[in-house]
Amino acid sequence: MKKLLLYIVITIQFEKAQQPRIYYIDYTKTINSVSLSGNDDKVILTSFDSPTRISFYNDKLYVSDDNLVNRNYRFNPDGTAGEIIHDETQGAIKPTSVFGYNNELYFIDNNFIRKSDINGNNVVDILALTSTPISGKIIVSNDKIYWNAGSALRVVNIDGTNESIVTDNGNTFYGFSII
């Protein structure tokens, strides 16, 4: 009887997983990241006029730069491979927040909520805002768009229908999150 010897070679590649980090904008208008333990602080980007919002979508860092340049940018999390997504010269007047959802980008631009494809093209107006957003923050979740408008937190369907107030407690909302 002949014995058949079969060798199986399995290669396992271990990669160090990216540890969670906090991304923030400091008083010098620099975007930084720091580990959750508070060490390993890194400068990510420094070349902004007035960065107003940062967000992540599909492993990309999105930055809204308000003031003289009025742009939304996309970067790798380490700040490399930067690209302009929305620019005032392309019709976006003053983008102050960008949020990715279902391979589209939703953003507040002056007094409009708009959306575009993932590369910033095909911009469509969703809703003309009746009041200027205080901090310009926008979040999209469960096919709804949420934003803060003075003392009210507002919501609208992603197609621009059924705008309503979530809460209006008389205080100014400077930030909110959906978890």
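In the predicted model, strand E6 is mostly covered, with four of its five residues buried. Strand E5, residues 60–65, runs antiparallel to E6 and is joined to E6 by five bridges. Within this pairing, Ser 64 has Asn 72 of E6 as its bridge partner. Strand E7, residues 83–87, is likewise antiparallel to E6, and four bridges join the two. Here Arg 71 stands opposite Asp 87 in E7. The loop between E6 and E7 contains Ala 81. The phi angle of Ala 81 is near 55 degrees, a positive value in a residue other than glycine.

A pair of aromatic rings is described by the distance of the centres and the angle of the planes. Five aromatic pairs were counted in the model. In one of them, the rings of Phe 48 and Tyr 73 lie 5.4 Å apart, centre to centre, with 70 degrees between the planes, and the arrangement is edge-to-face. Tyr 101 and Tyr 106 are both buried. Ring pairs also link Phe 48, Tyr 73 and Phe 75 into a cluster.

Three bridges hold the antiparallel pairing of strand E2 (residues 31–35) with E3. Across these two strands, Ser 33 stands opposite Lys 42 in E3. The loop between E2 and E3 contains Asp 40. Although Asp 40 is not a glycine, its phi is positive, at about 60 degrees. Asp 40 counts as partly exposed because its relative accessibility is 42%, a value between the limits of 20% for buried and 50% for exposed residues.

The other open sheet has four strands in the order E8-E9-E10-E11, again with antiparallel pairing. E8 and strand E11 (124–128) stand at its edges, and each has a single partner strand, so one side of each is left without a neighbour in the sheet. From one strand to the next, the twist averages 25 degrees. Strand E9, residues 104–109, runs antiparallel to E8, and six bridges join the two strands. The bridge partner of Phe 99 in E9 is Tyr 106.

The loop between E11 and E12 contains Thr 130. Thr 130 is classed as exposed because its relative accessible area is 71%, and the limit for this class is over 50%. In sequence, Thr 130 and Asn 111 are 19 residues apart, while in space their C-alpha atoms are 7.5 Å apart.

Empty space in the model was also examined. Rolling a probe the size of a water molecule over the atoms shows where empty space is left. The largest pocket holds about 340 Å³ of space. This pocket is lined by 15 residues, of which Arg 53, Ile 54, Ser 55, Phe 56 and Lys 137 are the closest to its centre. Strands E4 (51–57), E8 (95–101) and E12 (138–141) each supply at least two residues of the lining. The largest share, five residues, comes from E4. By residue class, the lining of the largest pocket consists of nine nonpolar, four polar and two charged residues.

Notes:
Residues numbered from 1 in each chain as written. Predicted model: local features only at pLDDT ≥ 70, side-chain atom pairs only at ≥ 80, totals over all residues. Heavy atoms only, no water. 1 Å grid on protein atoms, 1.4 Å probe; cavity = no way out; pocket = protein on both sides within 12 Å on 5 of 7 lines; lining within 4 Å. Points joined across faces, edges and corners; volume = space filled by probe spheres on them. Nonpolar A, V, L, I, M, F, W, Y, C, P; charged D, E, K, R; others polar. Phe/Tyr/Trp six-rings, centres within 6.5 Å; stacked < 30°, edge-to-face > 60°. Buried < 20%, exposed > 50% of the residue type's maximum accessible area, 1.4 Å probe, protein only. Pairing = 2+ DSSP bridges. Axes fitted to C-alpha atoms, helices over the stretch in contact; angles between N-to-C directions.
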